[in-house]
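Here is a short report for a reader new to this structure. It covers side-chain contacts, aromatic pairs and one backbone angle.

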Amino acid sequence: MNELKEKESVYERLSKIDVKPYLNEIKSKRGFSLNYLSWAKAWGLVKAIYPDASYKIKEYPNWVSTKDGLQQAGTLDYRITSVGCEVEVTVSIEGNEYTQKLYPMDYKNEPIMKPNIKDINKAQLRCLVKALATAGIGLNVYAGEDLPSNETETATKPEKRKPKPVESLTQRIAKAKQFEVQYGGGKEKLVDVCKWEEQGDQQAKAFLDNWRTKSKGNEAAYNFIKDQGLQKESA
């Protein structure tokens, strides 16, 4: 018999998980949508496979000034530097360690120079997700530092939308000639109602005066018919 296949590595197993069903969407402050895998879901997926998995937030010495000079007063789970605040998280799975660093950031991904405890906590949770990504979970959707500062998730770059094809003038005219509105208890073509207005029909004029104010699209449709003279061509 063939020898048993070598046990899958942590990365091989985690990278096979399809995280798409667990992605959520958020509207970025920069005007586009982001997909993200929450830190809670990412950690839950890992723990379901590796129940002994754990993570640790690095502790840094807390140096304070005293009359006797600098002395250590315990530790802090973040480090303040001249260029910003730093946090570090290490994930342990099956004897393997995955370490990542991150910093509290604003919605422009710039360092927050004076972060509060909330900013620091968010950065730690984001750093946890980043470390999990290097272990394999959701790495295929991880998009660097795109995530707005008020979220603690891994973000993906928004999909590029294909531009809508530009309609030709001929196509626009054809659509305008077939466009219908609810008029007089039934449906009528807008070009016909415009023709009746031009002929002095007061009911048609009153209808169009009201209909045009309901939306910019209505006003644009009316003006297009007038500009192209389509009401004159109406049978």
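Contact here means heavy atoms within 4.5 Å. The model is predicted.

Start with Glu-86, a residue of strand β7. Leaving aside its neighbours within four places in sequence, Glu-86 is in contact with Tyr-60, Tyr-78, Arg-79, Lys-101 and Leu-102. With Arg-79 there is also a polar contact between the side chains, at 2.8 Å. Glu-86 has a relative accessible area of 18%, so it is buried.

Glu-94 sits in the loop between β7 (84-93) and β8 (96-102). Its relative accessibility is 48%, so Glu-94 counts as partly exposed. The phi of Glu-94 is near 50°, a positive value in a residue other than glycine. Most residues other than glycine have a negative phi.

Now the rings. The whole structure holds four aromatic pairs. Trp-43 and Tyr-55 form an edge-to-face pair, because their planes stand at 90° with the ring centres 5.1 Å apart. Trp-43 lies in helix α2 and Tyr-55 in strand β3, so this pair ties together parts twelve residues apart in sequence. Phe-179 and Trp-211 make a tilted pair, with planes at 55° and centres 6.4 Å apart. Phe-179 belongs to the loop between α4 and β10, and Trp-211 to helix α6, so parts 32 residues apart in sequence are tied together.

| Residue | Relative accessible area | Class |
|---|---|---|
| Trp-43 | 15% | buried |
| Tyr-55 | 35% | partly exposed |
| Phe-179 | 38% | partly exposed |
| Trp-211 | 10% | buried |

Tyr-183, Trp-196 and Phe-207 form one aromatic cluster. Arg-13 lies over the face of Tyr-50, 5.8 Å from the ring centre.

Definitions and conventions: Residues are numbered from 1 along each chain as its sequence is written. This is a predicted model: local features need pLDDT of at least 70, side-chain atom pairs count only at pLDDT 80 or more; totals for chains, interfaces and linings use all residues. Side-chain values use heavy atoms; hydrogens and water are left out. Helices (H or I, at least four residues) and strands (E, at least two) are DSSP runs, numbered from the N terminus. Buried means under 20% relative accessible area, exposed over 50%, partly exposed in between (1.4 Å probe, protein chains only). A polar contact is a pair of N or O atoms within 3.5 Å; within protein, one must be able to donate a hydrogen and the other to accept it, and residues adjacent in sequence count only if both atoms are side-chain atoms. Rings of Phe, Tyr and Trp (its six-membered ring) pair if their centres lie within 6.5 Å; planes under 30 degrees apart count as stacked, over 60 as edge-to-face and the rest as tilted. A charge sits over a ring if NZ of Lys or CZ of Arg is within 6 Å of the ring centre and within 35 degrees of the ring normal.
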